[in-house]
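Here's a quick tour of a sheet and the helices around it, plus a helix pair elsewhere. Have the structure open as you read.

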Amino acid sequence: MTPILRHILCEGWHSRLHASLGLLGLTGAVALLTAVSLLTAAAERETRRVVRDLGFNLRILAKETDPERFFLDGYPENTLPADAVTRLAAGAGTFITFNHLTPVLERRTRIAGHDCLLTGLGDTVVGPGEKKQPMGFRILPGTAHVGSVLAERLGVKAGALLEAGGRSLRVERVLVEAGTEDDVRLYTALPDAQAILGLPGRISEIKAIDCLCLTAEQDPLPKIREALSRVLPEARVLQMRTLADARAKQRQSSERVRAFAVPTTLLVAALWILVLMGINVRQRRAEIGLWRALGLGSARIAVLFLGKAVLLGGLGGLLGWTLGTVVALRWGPGLFPVTAGSLAADLSLLLPAVGLTPLFAAVATFLPAMMAVAQDPAETLRSDS
Amino acid sequence: MTSPLLEASDLTRNHATRPGVVAGVAGLSLRVDPGEFVVVRGPSGSGKSTLLLLLGALLRPQSGTLRIDGVDLHRLDAAGRSGFRARSVGFVFQMFHLLPYLSVRENVLTGLPPGAPRSGTEADGWIEALGLSDRRDAAPATLSTGERQRVALARALVKRPPLVLADEPTGNLDPDNAGRVLEHLERYRRAGGTVVLVTHGPEADRYATQRLRLEAGRWAGPSTLPAVDPSKP
């Protein structure tokens, strides 16, 4: 062990209270940052999941769709070619504006003498490289998901066979009561719906989610419309404002927490270290003068202070990561019950915690260390300290 | 004629201590030969400590020249002066200035120049010579004031510096311990070292080969007692 390291360790042990307070500050800061990082990531997951459960917030329709009929019927009368979704997905910048592109064909029809809404769902298209789950549920060709009221009227249960438009469909599941028009809906795969309705190669709309991360004051709709007009000029887009706002507010709330917590924590920790090291320098004025008298240069004296900060930083980083992870795992599931199972220790945070905290502590100590180096040894050695 | 170990010419250093009060030294010249024991006496505020800090290269003179052990101190930068202190000067202070977090032995070892081998043999020798063998691993807080000053003395002498600068080393000690410290300094001088000691009182006069009196930063003439012949063991 080098003499300087031994001096740092001995001095740290001798001034245990001071060292403990410094360690406490660094540990607390890293613990808070670790917990905030884990919990905001959990909040984002929760937000994504909750918003996904809220459903799509963009509806891309044929341009000539009559809004009056659309809102009265709940679906557009006009159709788009089915390849509109692939053309939209291939458009430059599409996935900056849109995501979860899902082609849908929807019409009112009669099945076995009962009126219902027939909805054909195509495969969801996500951005390149993304592994997002498809929105809603995936329906295999030849199967159907039946709304609760419709299932009761038709007298079918899961596993039963259903005749629709000359096609035989196996009931995959009967949906739980939703209290909406979904209760009289029959979901099929898109090709089945196209065949039943006699609309091969057509879709009535593309449902999507906007992924523009704008501030609360910005309106995303003009940007969304501009992006669509470039790629799919034969279409128009409607934004379901309530859902879009709920999604944006969820995301912005999470961002605000992070934007406040991270700089505030860093600032408080830096001030804490600055004050503690300033006190340490003050208390060790005579020692600094003595080191000068013994022939130690400025760099070696600075190392005595910065070295202590680096050691405390390394230890504080390790303890803080551990504490922050424990806190997040202990209380996170209660805060984010929907995605509780996804909360886990993040080892990718450990390296920055142990590697950057010493650097942070050294930077916060730099000013007091320079004060120590600049002290007049003549003054300190003449004092009674 | 012997070449001097220390030669100061026209040293001036003033500094404000409180508003309106200026302390320091003005136009001091001094020659110290190897093997001398120089005692500088003077009242508080006469500039004794300032002189000692100038001689130890802890302060830079505002004017004048200073040459010690063949080195022109005014030509050295900060790093050069640090190196000079590490090699050539041992300091003893009135307040001891021991490091509270190190043992007696480790405090003595801090007196070795940075980077010097730390076998500890030399330190153990001085610890034994100064009667601290049974306190080798003790913390400074557990030592008596006399023991603390002897540790500080061992720290100053462990590298066998050509020049020892002592700033009122007996100021906090009872007469017995003061006598022991002065006796050790005298032994070091007899072994070939050179000592410059500043003090209020007369207790060191009996060891002096050169006695000087400082008043208001200027020499006020030698003290009244005859100097000791430094060539006598």
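Which strands does helix H5 of chain B lie across? This is a predicted model, and in it H5(B), residues 145-157, lies across S6 and strand S7 (163-167) of chain B. The helix runs at about 170° to S6(B).

Chain B has an open sheet of 6 strands with mixed pairing, and reading across gives the order S6-S7-S8-S3-S9-S10. Strand S6 (89-93) and strand S10 (218-219) of chain B are the edges, each pairing on one side only.

Further in, strand S3 (residues 37-41) and strand S9 (residues 210-215) of chain B run parallel, joined by 4 bridges.

## A helix pair in chain A

Over in chain A, take a look at helix H11 (residues 298-335) and helix H12 (residues 350-374): their axes come within 7 Å and cross at roughly 150°. Angles over 145 degrees count as roughly antiparallel, so that is how H11(A) and H12(A) sit relative to each other. Their crossing is right-handed.

What sort of residues make up the contact of H11(A) with H12(A)? By class, there are 20 nonpolar and 8 polar residues, with no charged ones.

Note on methods. Residues numbered from 1 in each chain as written. Chains lettered and ligands numbered in written order. Predicted model: local features only at pLDDT ≥ 70, side-chain atom pairs only at ≥ 80, totals over all residues. Pairing = 2+ DSSP bridges. Helix = DSSP H or I, 4+ residues; strand = E, 2+ residues; numbered from the N terminus. Contact = placed C-beta atoms within 7 Å. Axes fitted to C-alpha atoms, helices over the stretch in contact; angles between N-to-C directions. Parallel < 35°, antiparallel > 145°, perpendicular 65-115°, else oblique. Left-handed = near helix turned anticlockwise from the far one by under 90°. Nonpolar A, V, L, I, M, F, W, Y, C, P; charged D, E, K, R; others polar.
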